[in-house]
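Some labels used for a structure rest on cut-offs. The questions below ask how such labels are reached.

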Amino acid sequence: MTLLQLLGALTPVLAVLILLVILRLPAIKAMPLSLLATSASALLLWQVPPVRVAAAVIEGWFVALSIVWIVLGAITLLNVLRATTAIEVIRHGFIAISPDRRVQMIIIAWLFSAFLEGISGFGTPAAIAAPLLLVLGFPALAAVVMALIAGTSPVSFGAVGTPLLIGVAQGLSEPAPELIHRIGLTTITLDLFLASALPLVMCTMLTRFFGARRSWREGLAAWPFALLAGFAFTVPAWLTARFLGPEFPTIVGGFVGLLVATYCARRNWLTPRTIWTFPGDTDDLQTASLTSHLSLLRAWLPYALVALFLIATRLDALPLKAWLNQVVISSGDILDTGIRSELKPLYLPGTVFLLVALLAGWFQLGNRRELVQAWRASLMKVIPTAIALLTAIPMVRIFLRSDVNAAELLSMPMELATLAADHLGAHWPLAAPFIGGLGSFIAGSSTFSNMMFSGFQAAVAEHAGFPLALTVAVQMIGANAGNMIAVSNVVAAASVVNLSGREGQIIRFTLGPMLLYCAAAGVLAMTLLHLGIAPG
């Protein structure tokens, strides 16, 4: 690979960083330019056949439409609940649990979204948690940043274990179930040290960047409750992975953690002594009166239905999953390239959101005119997001589909990973998480990152003599961290809190925690190796 080809392989990464983060262009402008630059690199430097580039773009449109559908559903549900005043009731309910913004953030962004991640994944948690924080009075930027940072560790076993059972399994060419179990247990074991501290990191970022005093100390003051919430998720998740397998650790961890944290918060156990709020909202929190006619139970019922429907449609033991998956919109063989894609509209979480939005408008007795306006506003709001995603995802697919080329090169991501392995082989556990993070940053999914790089990570581990389970586990942790800055995740999450156009600013906040998380995973892995106690 020549220097020019290296720059070509880096084009998607550099384009996103330069256009979104440095030049601060909105995604609706930055992503079409990134698509053009990546297409030019693939055609001219990688010598990918034009028909394959075109097929990758079409494939990207199919993938993007599924994300747009999820975003539309999330925005519609939020707007409907605003129209029925359910959001007002939910807001007061959280104030009754604790008026402390740090506690509210931990319960919603860390634990409630973890539960949703375990059920569904694929963008659902941020699409629900970020707007919930927003209606509680969090600044929009704080809401989306906290939701994205929280969406890391729970992803390992998200969507009923999909990143491990499908992503890693396909990346390793269908390994033995015992190996998959060992990789999963190694991942959550590492996260006992890493993810358990994440709520505290989130608290410090919240107070430092969004508080009146810009103080790290105010975030650190919440350390007892933050660590309680961290371990309340990771310990049940570890026990579930150890004794039940990889399908349910995130579901169980999120649910148990939610119960424990809420119970403790109501009784002020381990909560901070001083209530921390955002500038200007202290009086509102304490004195605002409730004008809605809805009970707290009826206000929360739509979110309970979302969880119930997602569980019912994801369990293999129930027939609903098979029925919903029968409705398929297929691309067929796109331009005779062997590339295929499909949509399963009834199975997507967005369909559940839209169904619940319809039901909520009925049983919460919403005003018909206001409900119609909520649906109309949701459709209009999703248009900029659709434009950004319909160019961002095709860019990703070109990047991934560049393995067929006349330059006799591997795909762009695989060439970059190989180059890293050649120069960092002796210290590969330090680099492995960043490869996983690169995969998620570009592909927008830890499942795709694991699918793309697990086999490569295994080959490097075998060549260098590192434990296979440990190496793939840090790949998974890096892939989880990459979700914080994944372009598709950022675009989607920004749209549901009305921050379209500020995607670069969001990435500037989440890039640091992402790099820190990957570095901590690498250092922990190397430490365990030096101590001779590395699992796997």
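Q: Why is Arg 213 called exposed in this predicted model?
A: The relative accessible area of Arg 213 is 65%. Exposed means over 50%, so Arg 213 counts as exposed.

Q: Where does Arg 213 lie?
A: Arg 213 is in the loop that runs between helix 11 (198-210) and helix 12 (217-220). The C-alpha atom of Arg 213 is separated by 41 Å from that of Thr 240, a residue 27 residues apart from Arg 213 along the chain.

Q: What makes helix 6 and helix 13 roughly parallel to each other?
A: Helix 6 (residues 101-119) and helix 13 (residues 223-243) pack at an angle of about 10°, and their axes are 11 Å apart. Angles under 35 degrees count as roughly parallel, so this pair is given that label.

Q: Which residues in helix 6 and helix 13 meet?
A: From helix 6 come Val 103, Ile 106, Trp 110, Leu 111 and Ala 114. They meet Phe 225, Ala 226, Ala 229, Gly 230 and Phe 233 in helix 13.

Q: How do you know that Leu 4 is exposed?
A: Leu 4, found in helix 1, has a relative accessible area of 52%. The cut-off for exposed is over 50%, therefore Leu 4 is classed as exposed.

Q: Which residues form the nonpolar patch on the surface?
A: The patch is formed by Leu 3, Leu 4, Leu 7, Leu 14, Ile 18, Ile 22 and Leu 23, which together have about 690 Å² of accessible area. Helix 1 (3-9) and helix 2 (11-22) are the elements that give two or more residues to the nonpolar patch.

Technical notes. Residues numbered from 1 in each chain as written. Predicted model: local features only at pLDDT ≥ 70, side-chain atom pairs only at ≥ 80, totals over all residues. Heavy atoms only, no water. Patch = residues over 30% accessible without salt bridge, like charges linked within 9 Å, V, L, I, M, F, W, Y side chains within 5 Å. Areas by Shrake-Rupley, 256 points an atom, 1.4 Å probe, with all protein chains shown as cover. Salt bridge = Lys/Arg side-chain N within 4 Å of Asp/Glu carboxyl O. Helix = DSSP H or I, 4+ residues; strand = E, 2+ residues; numbered from the N terminus. Buried < 20%, exposed > 50% of the residue type's maximum accessible area, 1.4 Å probe, protein only. Axes fitted to C-alpha atoms, helices over the stretch in contact; angles between N-to-C directions. Parallel < 35°, antiparallel > 145°, perpendicular 65-115°, else oblique. Contact = heavy atoms within 4.5 Å.
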